[in-house]
Amino acid sequence: MSYLFFPGCSLDGTAKDFHRSTLAVAAKLGLELPELKDWICCGSTAAHGTDPLLADALPAKSLSAAGGNTVAVACSACYSRLKTANHHIAGDAALRARVAQVVGVDYDGGTPVLHLLEILCRDIGRARIAQTITRPLAGLRVACYYGCLLARPPEITNFDDAENPTLMDQLMETAGATAIGWPHKTECCGASFSITEASIVLELTNEILSMAKAAGADCIATACPLCQLNLDMRQRDVERRFGRRYNLPVFYFTQLLGLAMGCSSSELSLASLVVEPQGLLESKGIGR
Amino acid sequence: MIAATIEIGGVGGALASEVKARSGASPMSCLQCLKCSSGCPVASRADLKPHELVRMVQMDQREVVLASRFIWECTSCQTCITRCPQQVNIAAMNDALRVMSRAAGKVAPETTVPVFNDVFLSIVRNRGRVYELGLMASYKLRTGRLLEDADKAPMMFSKGKLPLLGPRVRGRDQRREMFRRAAEGGNK
């Protein structure tokens, strides 16, 4: 099975652990992820908040080079931008013509875009993944955190239930963990306000961490570089600001899945996590 | 909530039409059910809550809307549009209002989001991809927020999360042309 991989900018920097663990998991499954050649930034919030046409043109530039192949995305923000551009361009002939003028290529909005969670759960399937689990995450209680952009808005992403997605929960259960029920799966972490107005992120991540803790989670699993960074790197700031103690490791779901598949800490870049996970993993008999 | 009473001079004026033309969103469809503000992650801190913003647009309150902090504090989380029974796309409305606010010189003084967006896009134009270290350095220099989060960079270096060298994708001249044509509306 093979998809053209659109890693997105974060996966070559702050989220290189997401990148490494994605490739480690893919290798265990025989999933090939050759990189989409010369992909460029999806434009993120900066583009859609500045120039809506540019926000559709940047994804169109990358997706038009996919030659009709399905594009696999790890970052949920990239996923949202690529799918939104597809939705806009495929549904509006006048916009399609304007985007063609900007990009220099007439792109029809038809390159299929899938998130890794969709590929793992639907295309590969839990039965196949279960065959690769050599170190079940028994006793590990995981709060699966999807953030905003995988499931919303559903008519664009068509990902899963918009209020209660379960794809990541299914994967964690397949990996032997317990996916806890909790109400903050799709609450917002504040995203790029981490740089421009950190108080927004501190307030919102405090709500998320607090709810995960109250629901009995040992750790959080994420599918977005911004969510992960906000919940992990800012967790100490949140604890100081609100006088709480959470100590909740915040993994990428690929790191937890990779652990269950027997990948090493270094293959999964566990040392990149700010809230140390080793104590928790050892207490569950998973660490090494 | 804005403290002063707003005098209603008519409903469904030029502002609502312009917002609709730019964003495709239909502010006139709003029933004021408040589902948007109930789910909005930043409503509790907003000078205008989402349902109030839409009502202001309906009432043609251009000054209040374009100068509001809320249009810059919206996290684009898409909760409002996902839950709106009338499918008023407030997130898309806010994108249009941000563009209009900048063009009118009405950007709320507290926000640095436009600076961040400009720095971000100029890096994408030049390099093709985001160079995170360069993004943070340029943003800090442009805003003078040099000491904020001073502890984060060393932590990120030590965790291997902040490569010193940035990415560079070929085709810079072509990208510059793309950005120029987009700014002109894709008509050239």
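Trainee: Which residue forms a salt bridge with Asp149(B)?
Mentor: Lys152(B) does. Their closest N and O atoms are 3.7 Å apart. Keep in mind that this is a predicted model.

Trainee: Is Lys152(B) buried or exposed?
Mentor: Lys152(B) is buried, at 5% relative accessibility.

Trainee: And how accessible is Asp149(B)?
Mentor: Asp149(B) has 25% relative accessibility. That makes it partly exposed, because buried means under 20%.

Trainee: Staying in chain B, which side chain meets Glu148(B) in a salt bridge?
Mentor: Arg145(B), at 3.5 Å from N to O. Glu148(B) itself is partly exposed, with a relative accessible area of 38%.

Trainee: New topic. How many salt bridges does the structure hold over all chains?
Mentor: 28.

Trainee: Give me one from chain A. What does Arg96(A) meet?
Mentor: The side chain of Asp106(A), in a salt bridge of 2.9 Å, N to O.

Trainee: Where do Arg96(A) and Asp106(A) lie?
Mentor: Arg96(A) is in helix H5, residues 93-103 of chain A. Asp106(A) is in the loop between H5 and strand E3, which covers 113-115. So the pair ties together parts that are ten residues apart in sequence.

Trainee: What is the relative accessible area of Arg96(A)?
Mentor: 29%, so Arg96(A) is partly exposed.

Technical notes:
Residues are numbered from 1 along each chain as its sequence is written. Chains are lettered from A and ligands numbered from 1 in the order in which they are written. This is a predicted model: local features need pLDDT of at least 70, side-chain atom pairs count only at pLDDT 80 or more; totals for chains, interfaces and linings use all residues. Side-chain values use heavy atoms; hydrogens and water are left out. A salt bridge is a side-chain nitrogen of Lys or Arg within 4 Å of a carboxyl oxygen of Asp or Glu. Helices (H or I, at least four residues) and strands (E, at least two) are DSSP runs, numbered from the N terminus. Buried means under 20% relative accessible area, exposed over 50%, partly exposed in between (1.4 Å probe, protein chains only).
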